[in-house]
Amino acid sequence: MEARGGRGGRGGVASRGSRVMAAPEEPCGSRAGGEPGREAAGLSGARGRRRARGAAAMFRCGEEIVSGESEEESSGVNLMEFSDEILLHILSYVPCTDLVLNVRRTCRKLATLCLDKSLTHTVLLQKDYKVNKDKVKQLMRDIGKEIYQLNMAGCYWLPSSSIDHITRCKNLVKLNLSGCHLTSLHLSKTLSMLQHLRSLAIDVNPGFDAGQLSSECKATLSRVLELKQTLYTPSYGVVPCCTSLEKLLLYFEILDRSREGFMLSGQLMVGESNVPHYQNLRVFYARLAPGYVNQEVVRLYLAVLSDRTPENLHAFLISAPGSFAETGATKNLLDSMARNVRLDALQLPKAWINGSGLLQHLKFNNPFYFSFSRCTLSGGQLIQRVMNGGKDLKSLTSLNLSGCIHCLAPESLFRKAEDDIDSSILESLVVSCCNLRHLNLSAAHHHSSKNIGNHLCQLLARLKHLLSLALPVCSISDVAANMEKPPMQSNVTPQTLGKKVRIGIQTYSNQKPQSSVFWALMGSLPFLENLEIIGSSFSSAMPRNEPAIRNSLPPCVRAQSVGDSEVAAIGQLTYLQSLTLAQLPNILTGSGLVSIGLQCQHLRTLSLANLGMMGNVVYMSALMDMLKHCKCLRDLRLEQPYFSAGAQFFQALSHCSSLQRLCIVSRSGTLQSDAVMSFMANCLEVIMCHMFMGESLTVCKNLQQSIVRSSMDDSSQLLKPGPLYIHIQMKTLSETSL
């Protein structure tokens, strides 16, 4: 069963290594992702409004103390006695819509402070699902002239007429309209009034016509320096109009077939043959969704680069799933880059790197981002060609070696994927790149030797600046420690779909094992925010960029020793915000999850897949105990066969008062309709729900109708006359493209 909200539903399924190695920082993004305090404090959405009004009430109490009452006799706190600096800091955690439309109406002092430039300079409406067209209109009318950065990314529910109000923002410098309903005429009307605009993010949908853009609009585009463009149809979009581009981010989401089932062509439409201007380009980034049409269209964008490579180009990144063959034009482009530019960031399709001597000829200046995902790159090549023989690379902050099965071995010719790594290569990497903040080593077998002090976890513990880390499960296994353990028959449970085995009652006891290398690693990374521990042979039942397969490969033998104790070690990460655990076959009770729920109070995103036995959800009790403590959790994804989503599960999930998105993928899974209805009634922040279960189509349709009917009733009472923000569609798992 699938219940989905909004556009981009397929993006709701996390894929291997997806969060740890994200795209470079987008120019039109804003403070989103950089303000953990705001969301952790619970000041977003409906809860945020209630707390904001509560704060406003406290402000009023502070000013309306009865004149004859002494300060000692007053039980209230006079917040108005705080300095303006402190009050501005407090108000910075309140959404701008609440500040302008609610809080500033409480008293004169707040009316002045809420309009301070530090609070109105940047307005974030992204993922603010309570914003409607009337609030946008009022917000732009009140503070439009004070807004310099506006982020409306993903506001799919707002009508295109809401975009017209942006014309009041005469001083706007950055504008993000990705995911908004936007026609060529609305875009032309809006941009014509924004003469100071320098950064823009838009979608290009079927029907877009650059010929409808006015001369004033094109004049604004000619001054734009940064452009993020998501393509849903073959087109150059507004790129030809942006003659001063320095940073170009392209996202290709074009389907191979139309809604009517016709095959699409990657050739651009008539009138779209204007040549893009890349002469000032410094950053080129392209991310492709699966499909041959996306590959055809991106080649047209690259054709101009192959004719004349910009001299100032310092970042060239192309993220393409599957096979993306190299052509003569792309080869000429890479040869030109090798001769004429020095790069700081590089990411290429694996087919462009494998078997070529490209890395030997490319020149690097002060590199900060490298991605060699799924390339046949040996450790020797990594050190000699990329790391300059192990020289100082303190500038490198992000390294993606996901799927590089030989990257920690000297040579790949005669090496098996399961052989031990060469610790000297990893040590050279750690020493050279001591300032790494993002590291991805997933989708490979990185087995450490028995030698003391050379374990992968011990070497990675030196990287004190890490913010995100992705590792295969087998890499955290401690061979030396496991050899000292007496054999335990119950320690290894076969991961099969066979007869369910009763484990028995387990206690939640997770004491730190002596000399555990993974415990030590977690303890040495105090600022880690994103962590992925994924089985090297794991394949999601519903991946985004890979073909879905029914029978995944068995887990690595060394992964059999990784269980509840290692999961409990993650609880040391106080600032953890995103966690992915997949294919850990030795999970017996899931007791480590409780430790994470208790200690990782900033956790917002949790993804669990194939933990323990595949025929029995052994960690259900621990998961429910964990969820009771996850007050900041906003995204939850569970992928487990035979998962039973019953009343107890949804009652525990209801404690996650900040939850917005839920995804459950379970072959032969079951659910209780009444429990789902109760959960949706209690968690008002939920706007997206994916459920792929084994229930009958009748059950799914009836539940869909009930949720839609209930949502419409709630919206008419609470959000009147606002639009309905919950969009639901349901299917049985057998109907999905597995």
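A residue is termed buried when its relative accessible area is under 20%, exposed when it is over 50%, and partly exposed in between (1.4 Å probe, protein chains only). By that criterion, the buried residues of helix α8 are Ser184, His186, Leu187, Ser188, Thr190 and Leu191. The model is predicted: local features need pLDDT of at least 70, side-chain atom pairs count only at pLDDT 80 or more, and totals for chains, interfaces and linings use all residues. Residues are numbered from 1 along each chain as its sequence is written, and side-chain values use heavy atoms, with hydrogens and water left out. Helices (H or I, at least four residues) and strands (E, at least two) are DSSP runs, numbered from the N terminus.

**Buried helices**

- Helix α8 spans residues 184–191 and is mostly covered, with six of its eight residues buried.
- The cover over the buried residues of α8 includes β3 (174–176), β4 (199–204) and α9 (215–221), where contact means heavy atoms within 4.5 Å.
- In helix α15 (residues 423–432), the buried residues are Ser423, Ile425, Leu426, Leu429, Val430 and Ser432.
- These buried residues of α15 pack against α14 (379–386), β11 (398–400) and α16 (456–460).

**Packing of α14 with α15**

- The axes of α14 and α15 lie 10 Å apart, and the two helices pack at an angle of about 30 degrees; axes are lines fitted to C-alpha atoms, for helices over the stretch in contact, and angles run from 0 to 180 degrees between N-to-C directions.
- The two helices, α14 and α15, are therefore roughly parallel to each other, a class for angles under 35 degrees, while angles over 145 count as roughly antiparallel, 65 to 115 as roughly perpendicular and the rest as oblique.
- The crossing of α14 past α15 is left-handed, meaning that the near helix is turned anticlockwise from the far one by less than a right angle, whereas clockwise is right-handed.
- On the α14 side the contact involves Gly379, Gly380 and Ile383, which meet Ile425, Ser428 and Leu429 of α15.
- This contact of α14 with α15 comprises three nonpolar, three polar and no charged residues; Ala, Val, Leu, Ile, Met, Phe, Trp, Tyr, Cys and Pro count as nonpolar, Asp, Glu, Lys and Arg as charged, and the others, Gly among them, as polar.

**Packing of α20 with α21**

- Helix α20 (residues 591–599) and helix α21 (residues 620–627) have axes that come within 8 Å and cross at roughly 5 degrees.
- That angle makes α20 roughly parallel to α21.
- Ser591, Leu593, Val594, Ile596 and Gly597 of α20 make the contact with Ala622, Leu623, Asp625 and Met626 of α21.
- Six nonpolar, two polar and one charged residues form the contact of α20 with α21.

**Cysteines**

- The structure holds zero disulfides, a disulfide being a pair of cysteine sulfur atoms within 2.5 Å.
- Cys556 is in no disulfide, and its nearest cysteine sulfur, that of Cys474, is 4.1 Å away.
- Cys556 counts as buried at 9% relative accessibility.
- For Cys683, the closest cysteine sulfur is in Cys656 at 7.3 Å, too far for a bond.
- Cys683 is buried as well, with a relative accessible area of 4%.

- Ala443 is not a glycine, yet its phi is positive, at about 60 degrees.
- Ala443 sits in the loop between β12 (438–440) and α16, and at 9% relative accessibility it counts as buried.
- Gln583, also a residue other than glycine, has a positive phi near 60 degrees.
- Gln583 is found in strand β15 (residues 578–584) and is buried, with a relative accessible area of 3%.
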